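User: I would like to learn how to read a structure like this one. Please take me through it feature by feature.

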Amino acid sequence: MVVGDPGRFRQIITNLVGNSVKFTERGHICVCVHLAENVKAVREANVEAFSKQLTEDRKWSSKCSCNTLSGFEAADRTNSWETFRLLLSDGIMNQQPGTINKLSFPETSDTVNLVVSVEDTGVGIPMHAQRRVFMRFMQADSSTSRTYGGTGIGLSISKCLVELMSGEMSFESKPGVGSTFTFTVVLKKSHTSQDIERHKPEPLPTIFKGMRAVVVDGRPVRAEVTKYHLRRLGVQVVIANDQKSALALISGGENGDIRCKATGNTDMVLVDKEAWGPGTGLTFPQLLRESRLSSKAGSWPMLPRMILLATSINSGDSEKAKAIGFVETVIMKPLRASLIAACLQQALGIGDKRQQGKGVMDESPSLHSLLLGKNILVVDDNKVNRRVAAAALKKYGAKVENADSGKDAIAMLQPPHKFDACFMDVQMPEMDGFEATRQVRNIEQQINEQIESGVASREAYGDVDRWHVPILAMTADVIQATNEECSRCGMDGYVSKPLEEEQLYREVVRFLDTKTKPT
């Protein structure tokens, strides 16, 4: 347990990840947190001492163009996946081959030094701009704010916050390849039993111990991340990076140098939705059935439960997944061991029924009953923020559509429309959420006046007596989005990012609860 300033730390991560999302259109964004002592030990170790282990590690990645999370090249090669795997395994070779030192921080120290890196495969920073990247209000070129939005002050603020936490910030960037920002912070160890007990995480369930799983994913690094979380639950995991290997593993056979490490039947198969490209994972159950029919059925074990992993999924793909053989529960990324456990309990029908779905769709029956089937519009220029907000709403049964600008929101909220509510980001380029809301209210007022005066009929505008779609501001800056500011532009309230159940319920119940009651 460590003690520090969570507000500063959160702001640094938000700024860096926000920049990465803004400038990255393909590939990946990866956030890593490690102990500084461990990172230093791994990077300074004799390369020859790692040769045998790294050779084995590279076997599974030989078919990938670059050994990164997405397969795209990254700017900082010292922040490699091989290094991450060694850190993850809790052991490194020392200068004497064959011996392993446990990775840990000095028990005698009262502080903990962390190294945090945010890696992306975006546009990168031009060489001529790299010297002034931490200067206030400076951007790579004059078109940046018009194309991507922002003021150019985020990195300067982040560097100042890092220094206030006794750390340093640096970066590596290659134009057209991407950027990796790295910073260190010094935190204090907590020796107070009260702090440790308050923040002690709930123990993970042990009911999955000994179960066998096959992870099907064409991206080796991504598959290893899934494997890591499953192993924390006690699941024995084998990875298949291609269709042929996956079919061989599930059938209990072998394929070349890949052997089924698990004896007996496979309990579950987790397939990434983007296994070999967009939507390709959805076809895997059909391939599995065809392979079983074309072989001797008797040689196959009983087919295991098929579970889909997805970063995002629409209702069409969700229905397709269920129709083709996946279980109804989809494990959404980013992955957490507790969320995976809840999803697996639901998908496999095991464990304490009271715990099933905790953190999933039926986490709050009241909020679920309010949002079930409701059409919600999420407006945010940041793709990650849209995904996070949409996922938070969808898990309570809402049908969510997205808009990435204030202008698009105005067009989608032009009466008549189907939306029951709108969650509007406050800060967006070109037109912020406050101005977009003002224009929506002006349009609604004009239409309402036309209906009241008889110039327009109710039937022409969806048979609604008076148009007023509830609009809630979404912002990480709660100070800015005060009730006074929201009401001035016509908003119905605000929620802070990320969306949390208690606050979401408190705001949603004010305007959706009355709609569920008969009039």
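User: Which residue just after helix 6 takes a positive phi?

Analyst: Helices (H or I, at least four residues) and strands (E, at least two) are DSSP runs, numbered from the N terminus. Just after helix 6, Ser166 has a positive phi of about 60°. Note that this is a predicted model, in which local features need pLDDT of at least 70 and side-chain atom pairs count only at pLDDT 80 or more, while totals for chains, interfaces and linings use all residues. Residues are numbered from 1 along each chain as its sequence is written, and side-chain values use heavy atoms, with hydrogens and water left out.

User: Which residues of helix 6 are buried, and what do they pack against?

Analyst: Buried means under 20% relative accessible area, exposed over 50%, and partly exposed in between (1.4 Å probe, protein chains only). In helix 6, which spans residues 154-164, the buried residues are Leu155, Ser156, Ser158, Leu161 and Val162. The buried residues of this helix pack against helix 1 (6-23), strand 6 (169-174) and strand 7 (178-189).

User: How many residues are in the largest nonpolar core, and which helix gives the most to it?

Analyst: A nonpolar core is a set of buried Ala, Val, Leu, Ile, Met, Phe, Trp, Tyr and Cys residues joined through side-chain atoms within 4.5 Å. The largest one here has 28 residues, and Leu377, Val379, Leu413, Cys422, Met424, Ile471 and Met491 have the most contacts inside it. At least two residues each come from strand 15 (375-379), helix 15 (406-412), strand 17 (421-425), helix 16 (433-453), strand 18 (471-475) and helix 17 (483-489). Helix 16 gives the most, with six residues.

User: Is Asp425 buried or exposed?

Analyst: Asp425, in strand 17, counts as buried because its relative accessible area is 5%. Leaving aside neighbours within four places in sequence, Asp425 is in contact with Val379, Asp380, Asp381, Gly433, Met474 and Lys497.

User: Where is Pro334, and why does it count as exposed?

Analyst: Pro334 sits in the loop between strand 14 (330-332) and helix 12 (337-348). Pro334 counts as exposed because its relative accessibility is 68%. Pro334 and Thr311 are 23 residues apart in sequence and 7.0 Å apart in space, C-alpha to C-alpha.

Definitions and conventions: Contact means heavy atoms within 4.5 Å.
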